[in-house]
Amino acid sequence: MNAKEAVARRIQELCVQRGLAINALANLCGVPPSTIYSMLNAKSQNPGIISIQKICDGLEISVREFFDDPLFENLDPIVQ
């Protein structure tokens, strides 16, 4: 799994845990739903840290908490 896929899965997990639809998450975070949808699909290959921080702020978690998940262990290397 690459980092982009892990970020997308983590966002989806957090939404499921909190019972949030993507549009509700977008409203909490103050970003357009299209921003989050692009992070979840192949449109955005590089989800920005500012967007991730906005998601964390909306969910009232730290960026550290966002990335403190087994999804981010053993990511595929970018440079080989």
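This is a predicted model: local features need pLDDT of at least 70, side-chain atom pairs count only at pLDDT 80 or more; totals for chains, interfaces and linings use all residues.

Tutor: Lys4 itself lies in helix 1, which covers residues 3-18.

Student: Why is Lys4 called buried?
Tutor: The relative accessibility of Lys4 is 10%, and the label buried applies under 20%, so Lys4 counts as buried.

Student: How far apart are Lys4 and Ser44 in sequence and in space?
Tutor: Lys4 and Ser44 are separated by 40 residues in sequence, while their C-alpha atoms are 8.3 Å apart.

Student: What makes the approach of the Lys4 side chain to the backbone oxygen of Met39 a polar contact?
Tutor: A polar atom of the Lys4 side chain lies 2.8 Å from that backbone oxygen of Met39, and the cut-off for such a pair is within 3.5 Å, so the distance meets the criterion.

Student: Which residues of helix 3 are buried, and what do they pack against?
Tutor: In helix 3, residues 33-40, the buried residues are Ile36, Ser38, Met39 and Leu40. The buried residues of this helix pack against helix 1, helix 2 (22-29) and helix 4 (49-59).

Student: How do you know that Ser38 belongs among the buried residues?
Tutor: Ser38, which has its place in helix 3, has a relative accessibility of 16%; the limit is under 20%, and therefore Ser38 counts as buried. The side chain of Ser38 also has a polar atom 2.8 Å from the backbone oxygen of Thr35.

Student: How many salt bridges does the structure hold, and what makes the pairing of Glu13 with Arg10 one of them?
Tutor: The structure holds 2 salt bridges. For Glu13 and Arg10 the closest N and O atoms are 3.7 Å apart, and the criterion asks for a side-chain nitrogen of Lys or Arg within 4 Å of a carboxyl oxygen of Asp or Glu, so the pair qualifies as a salt bridge. Both residues lie in helix 1, 3 residues apart, which is about one turn of the helix.

Student: Why do Glu13 and Arg10 carry separate accessibility labels?
Tutor: Glu13, at 30% relative accessibility, counts as partly exposed, because that label covers values between the 20% limit for buried and the 50% limit for exposed. Arg10, at 8%, counts as buried, because buried means under 20%.

Student: What makes the pair of Asp69 and Arg10 a salt bridge?
Tutor: The closest N and O atoms of Asp69 and Arg10 are 3.3 Å apart, and with a limit of within 4 Å the pair therefore qualifies. This pair links distant parts of the chain, with Asp69 in the segment after helix 5 and Arg10 in helix 1, 59 residues apart. Asp69 is buried, as is Arg10, and salt bridges with shared partners join Arg10, Glu13 and Asp69 into one network.

Student: How do you know how many disulfides there are?
Tutor: The count comes to 0 disulfides. The sulfur of Cys29 is 8.1 Å from the closest cysteine sulfur, that of Cys15, whereas a disulfide needs the two sulfur atoms within 2.5 Å, so the distance is too far for a bond. Cys56 is likewise in no disulfide, the nearest cysteine sulfur, that of Cys29, being 8.4 Å away.

Student: Are Cys29 and Cys56 buried or exposed, and why?
Tutor: Cys29 has a relative accessible area of 10% and Cys56 one of 1%; since buried means under 20%, Cys29 is therefore buried, and so is Cys56.

Student: What makes the phi of Glu60 worth a remark?
Tutor: Most residues other than glycine have a negative phi. Glu60, although not a glycine, has a positive phi of about 60°. Glu60 is found in the loop between helix 4 and helix 5, and Glu60 is called exposed because its relative accessible area of 73% is over 50%.

How values were computed
Residues are numbered from 1 along each chain as its sequence is written. Side-chain values use heavy atoms; hydrogens and water are left out. Buried means under 20% relative accessible area, exposed over 50%, partly exposed in between (1.4 Å probe, protein chains only). Helices (H or I, at least four residues) and strands (E, at least two) are DSSP runs, numbered from the N terminus. A polar contact is a pair of N or O atoms within 3.5 Å; within protein, one must be able to donate a hydrogen and the other to accept it, and residues adjacent in sequence count only if both atoms are side-chain atoms. Contact means heavy atoms within 4.5 Å.
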